[in-house]
Amino acid sequence: MRTAKAQLVKYSRKAHERGLTAAFGGNLSIRVGDLVFIKATGSVMDEMTPEQVAVVTLNGRQVSGVRPSSEYRLHLAVYRERSDVKAIAHLHPPYSIVASTLLTGELPILTPEAELYLGRIPIAPFKPAGTEELAEVVAEKIREANAVLMERHGIVAVGKSLREAFYKAELVEESAKLWYLSRK
């Protein structure tokens, strides 16, 4: 439990430092058995502490004294859809958000690294943040992908560890930036 919280603090701060999210945006989670550790609602990623990590069950019951992020439904839907996923990075990086407004279908893969680690990056249509509708559309898109762009919202990337999910999210942002800069 302490390790999961420490990892969430470490990668939350790293996400903010690298410009992958700002202000109250974004959240990370780790699945440990039937429990999900996730950023608490109202927490700011660059100021995260272990006390700002909420814990919920896979069916959404709050276990901790702090409320989970409003996006907990999205995280739970992905974990239910993909039993191989042990961590999720949901971030709001600028190039990914811009690309999601200019493209439909998928973000083009431009580098061998992105092809190797991501394969494809589908774009989920806009649904309001924190809703079951958003959770459902992302869970459907992530079924056969390791990352999804959400129109006008950000990224969801998955992994067998938080480290893996975080670096996949960073790779999505690099891919979006390269695509954007390569446009003529």
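**Terms and their grounds**

Mentor: Let us begin with helix 5 (residues 132–142), whose buried residues pack against helix 2, strand 6 (121–124), strand 7 (147–150) and strand 8 (154–159). The model is predicted, and local features need pLDDT of at least 70, side-chain atom pairs count only at pLDDT 80 or more, while totals for chains, interfaces and linings use all residues. Residues are numbered from 1 along each chain as its sequence is written, and side-chain values use heavy atoms, with hydrogens and water left out.

Trainee: Which residues of helix 5 are called buried, and what does the word require?

Mentor: They are L134, A135, V137, V138, A139 and I142. Buried means under 20% relative accessible area, exposed over 50%, and partly exposed in between (1.4 Å probe, protein chains only).

Trainee: What makes helix 2 and helix 5 a contacting pair?

Mentor: Contact means heavy atoms within 4.5 Å. R73, L74, A77, V78 and E81 in helix 2 meet E132, L134, A135, V138, A139 and I142 in helix 5. By class, this contact has eight nonpolar, no polar and three charged residues; Ala, Val, Leu, Ile, Met, Phe, Trp, Tyr, Cys and Pro count as nonpolar, Asp, Glu, Lys and Arg as charged, and the others, Gly among them, as polar.

Trainee: Why is helix 3 called oblique to helix 6?

Mentor: Helix 3 (residues 94–102) and helix 6 (residues 162–182) pack at an angle of about 60°, their axes 8 Å apart. That angle makes helix 3 oblique to helix 6, because angles under 35 degrees count as roughly parallel, over 145 as roughly antiparallel, 65 to 115 as roughly perpendicular and the rest as oblique.

Trainee: What is the handedness of the crossing of helix 3 and helix 6?

Mentor: The crossing is left-handed; the term applies if the near helix is turned anticlockwise from the far one by less than a right angle, and right-handed applies if clockwise. Helix 2 passes helix 5 in a right-handed crossing.

Trainee: How do you know that strand 1 and strand 2 pair?

Mentor: Two strands pair if DSSP finds at least two bridges between them. R31 stands opposite V36 in strand 2.

Key: Axes fitted to C-alpha atoms, helices over the stretch in contact; angles between N-to-C directions. Helix = DSSP H or I, 4+ residues; strand = E, 2+ residues; numbered from the N terminus.
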